Amino acid sequence: MNPTPPPSFRSKVIVREIPYFLTEEAFKEETSSFADSIEFFYYVPGRKTQNKEVKSLAYVTLSTKEAVTAFSQRFEGYSFVDEHGRHHTCHVEYAPNPRSPTLNMKGDSRVGSIERDPDYLRFLEQLKSSSSSLNSTSDDAVNNREKVNKVVTSTPLIEAIKAKEAKKAHLAKKKKRKRNAKILKEGDGSTTIATTAATAKKKNNKKRKKRTG
């Protein structure tokens with residue numbers, strides 16, 4: 001915003017001592033009869049603290065000298081009444097700085113032009129090509145991985161693990177075979193001893209019968 005040059009008359013005024021509870025919208029409604037003459041408006045809201053009340057104030061710039069006079073006559077000594085029935089009187093005086101900021105209504109010529117910008121179009125082309133290249137690279141990587149998985153069925157580590165497992169299984173099987181053979185041998189020995197004992201017993205019985213006979 002650039003300040004306007006000072007007018008030929010003092011067109012900017014300040015309304016002071018506005019009660020803190022009065023909002024900007026409410027003050028604008030009070031001054032709505034001057035809406036067509038107001039060129040600039042700025043409201044500073046007040047506040048209430050534990051110790052004191054900070055009043056609101058308004059900066060108003062009017063288009064004509066007559067409007068300034070009428071506005072000042074209307075709001076100088078104007079009273080606002082709060083909910084407790086107390087009157088709050090405001091005052092109007094000329095602003096120390098007669099300049100008023102103005103809005104720059106000139107639009108930016110670059111708005112909406114990015115679709116025609118050569119650099120932006122070139123960037124879109126590069127982005128599209130990079131995306132296509134990335135997709136093809138990703139597909140190639142997947143295909144290569146599948147080929148490797150199909151071709152490579154074993155590695156030295158896998159072979160070593162397999163050999164270790166096979167050796168362990170062979171030793172376990174050999175150990176089991178020896179244990180079974182030992183059990184069978186012990187079983188045969190016990191049967192032979194029992195048979196020999198039975199035969200000796202029969203012989204002794206026969207000798208006894210002969211002696212007694």
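This is a predicted model: local features need pLDDT of at least 70, side-chain atom pairs count only at pLDDT 80 or more; totals for chains, interfaces and linings use all residues.
Let's start with E3 and E6, which pair in the antiparallel sense over six bridges. Two strands count as paired here if DSSP finds at least two bridges between them. The strands themselves (E, at least two residues) and the helices (H or I, at least four) are DSSP runs, numbered from the N terminus.

Residues are numbered from 1 along each chain as its sequence is written, and side-chain values use heavy atoms, with hydrogens and water left out.

Back to the sheet. Four strands make up an open sheet, in the order E3-E6-E2-E9, with antiparallel pairing. At the edges are E3 and strand E9 (91-94), each of which pairs on one side only. Ignoring direction, neighbouring strands of this sheet are turned by 20° against each other on average; the axes behind that angle are lines fitted to C-alpha atoms, for helices over the stretch in contact, and angles run from 0 to 180 degrees between N-to-C directions.

Now, E2. This strand pairs with E6 in the antiparallel sense over five bridges, and Val 15 stands opposite Ala 58 in E6. With E9, E2 also pairs in the antiparallel sense, over four bridges, and there Val 13 has Tyr 94 as its bridge partner. Is E2 enclosed or open? Five of its seven residues are buried, so E2 is largely enclosed by the rest of the structure. Buried means under 20% relative accessible area, exposed means over 50%, and partly exposed is in between, with a 1.4 Å probe and protein chains only.

Let's zoom out for a moment. The protein has four helices and ten strands, and from the N terminus on they run β-β-α-β-β-β-β-α-β-β-β-β-α-α. Of the 213 residues, 15% are buried. If you take contacts (heavy atoms within 4.5 Å) between residues at least 6 apart in sequence, 67% of them join residues at least 24 apart.

Next, the inside. The largest nonpolar core has 18 residues, and those with the most contacts inside it are Val 15, Ile 18, Phe 27, Ala 58, Leu 62 and Phe 71. By nonpolar core I mean a set of buried Ala, Val, Leu, Ile, Met, Phe, Trp, Tyr and Cys residues joined through side-chain atoms within 4.5 Å. The elements giving two or more residues to this core are strand E2 (12-18), strand E3 (38-44), strand E6 (56-62) and helix H2 (65-75). H2 gives the most, with four residues. As for Phe 27, leaving out residues up to four places away in sequence, this ring residue touches Val 15, Ile 18, Leu 22, Phe 41, Tyr 43, Ala 58 and Phe 80.

A search of the whole structure finds eleven aromatic pairs. Rings of Phe, Tyr and Trp (its six-membered ring) pair if their centres lie within 6.5 Å; planes under 30 degrees apart count as stacked, over 60 as edge-to-face and the rest as tilted. Phe 34 and Phe 71 form an edge-to-face pair, at 5.3 Å centre to centre and 75° between the planes. Phe 34 lies in the loop between helix H1 (24-30) and E3, and Phe 71 in helix H2, so the pair ties together parts that are 37 residues apart in sequence. Phe 34 counts as buried because its relative accessibility is 11%, and Phe 71 because its value is 0%. Phe 34 also pairs with Phe 75: the centres are 6.3 Å apart and the planes at 55°, so this pair is tilted. Ring pairs link Phe 27, Phe 34, Phe 41, Tyr 43, Phe 71, Phe 75, Tyr 78 and Phe 80 into a cluster.

Last stop, Cys 90. Where does Cys 90 lie? Its place is in the loop between strand E8 (87-89) and E9. With 0% relative accessibility, Cys 90 counts as buried. Among the residues Cys 90 touches, not counting those up to four places away in sequence, are Val 15, Ile 18, Phe 75, Tyr 78 and Phe 80.
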